[in-house]
Amino acid sequence: MKMSILTSALALGVLSAGIATTTVAATKTHVSIGTGGQTGVYYVVGQSICKMVNRTSKEHGLRCSAPSTGGSIANLNSIRDGGLDMGVAQSDWQYHAYNGTSKFEKIGANKSLRAVFSVHAEPFTVVVRADSGIKHFDELEGKRVNIGNPGSGQRGTMEVMMGLKGWDKSSFKLTAELKSSEHSQALCDNKIDAFVHTAGHPVANIKEAASSCDVRIVPVTGDYVDRLVSEHAYYSAAQIPAGMYKGTDIDIDTFGVSATFVSSDQVPSETIYQLVKAVFENFDRFKRLHPAFANLKPEDMIKNGLSAPLHDGAVRYYKERGWM
């Protein structure tokens with residue numbers, strides 16, 4: 001009898017240990033989201049998604065982190081290499097990564113890339129010192145310009161624009177490659193005349209510049225911009241509303257992209273399903289985390305700006321909700 005009791009106790013202990021191990025393992029399932037500079041909206045997107053996931057981690061066993069990264073292109077490359085599970089990327093660079101075009105031509109198409117959802121609109125934004133004499137994008141030539149750090153989406157888009165204008169780095173008096181967390185300080189310290197930024201508005205680092213020194217946002221318009229928008233579905237006409245920043249008293253015409261959230265078909269379907277569920281079942285809470293999220297609508301987010309196929313886990317949730 002004693003042997004039977006002891007055997008039963010040991011068996012129960014092993015079973016309990018197994019359950020505990022499984023529970024601990026579940027709570028330690030970690031996913032990583034690539035974002036951008038800490039003062040940009042991409043960082044807020046990643047942190048906000050993680051906030052929704054982590055607040056319900058007891059239900060699904062996921063833990064999420066969203067480190068600051070170099071931005072869109074860096075995120076897409078890291079997802080391809082398996083360094084990140086997911087990331088935020090401009091819609092144009094999502095297209096190029098999936099199809100192996102533009103900056104991804106040499107490395108080739110990443111047919112494992114998967115779209116999850118889109119987020120906010122991102123106008124291509126040019127911020128200049130008020131005393132620079134710059135009144136339009138065309139007038140950047142010969143000036144001190146921050147074109148963005150390598151690996152960032154704004155750097156990639158600026159290089160597209162430079163190509164359309166026939167410019168290269170030597171076209172500027174000074175070509176800076178600062179991160180988005182650094183360009184506002186440089187502008188107000190009179191180290192540069194202008195910086196470009198592709199972001200959802202309002203964005204903290206432009207607010208910082210506008211409150212620290214006299215700046216203005218200038219239009220990005222012309223036949224070459226119209227052709228760019230008409231020829232590529234991932235671009236669209238955009239406006240930066242008057243009053244968004246100090247010194248911006250009229251609507252500013254430009255063009256833009258969408259911020260998109262992407263992953264890989266190597267990430268399990270259940271993981272993406274639970275992440276998407278955490279966001280959309282706490283959607284009102286999510287939208288309050290940044291002003292750029294205020295007008296988001298699920299029906300737009302599951303299609304706008306998405307050129308890679310939707311991840312199976314996302315499709316499963318969207319069909320459950322009747323959105324597909």
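User: Which elements each supply at least two residues of the lining of the largest pocket?

Analyst: They are β4 (113–129), β9 (236–240), β10 (252–264) and α12 (298–301). β4 gives the most, with six residues. Helices (H or I, at least four residues) and strands (E, at least two) are DSSP runs, numbered from the N terminus. This is a predicted model: local features need pLDDT of at least 70, side-chain atom pairs count only at pLDDT 80 or more, and totals for chains, interfaces and linings use all residues. Residues are numbered from 1 along each chain as its sequence is written, and side-chain values use heavy atoms, with hydrogens and water left out.

User: What makes a residue part of the lining of a pocket?

Analyst: A lining residue has an atom within 4 Å of a point of the pocket. The points sit on a 1 Å grid over the protein atoms alone; a pocket is an open set with protein on both sides within 12 Å along at least five of seven lines, whereas in a cavity a 1.4 Å probe fits but cannot get out. The largest pocket has 33 lining residues, with V119, H120, A121, E122 and A292 nearest its centre.

User: How is the lining of the largest pocket divided by class?

Analyst: Into 18 nonpolar, 12 polar and three charged residues. Ala, Val, Leu, Ile, Met, Phe, Trp, Tyr, Cys and Pro count as nonpolar, Asp, Glu, Lys and Arg as charged, and the others, Gly among them, as polar. The second largest pocket is lined by four nonpolar, 18 polar and two charged residues.

User: Why is H197 called buried?

Analyst: Its relative accessible area is 4%. Buried means under 20%, exposed over 50%, partly exposed in between (1.4 Å probe, protein chains only). So H197 is buried. H197 lies in strand β7 (residues 194–198).

User: What makes the pairing of H197 with Q154 a polar contact?

Analyst: Their side chains come to 3.3 Å. A polar contact is a pair of N or O atoms within 3.5 Å; within protein, one must be able to donate a hydrogen and the other to accept it, and residues adjacent in sequence count only if both atoms are side-chain atoms. The side chains of H197 and N205 also make a polar contact, at 3.5 Å.

User: Is N282 buried or exposed?

Analyst: Buried, because its relative accessible area is 16%. N282 sits in the loop between α10 (269–280) and α11 (283–287). The side chain of N282 reaches the backbone oxygen of A278 at 2.8 Å.
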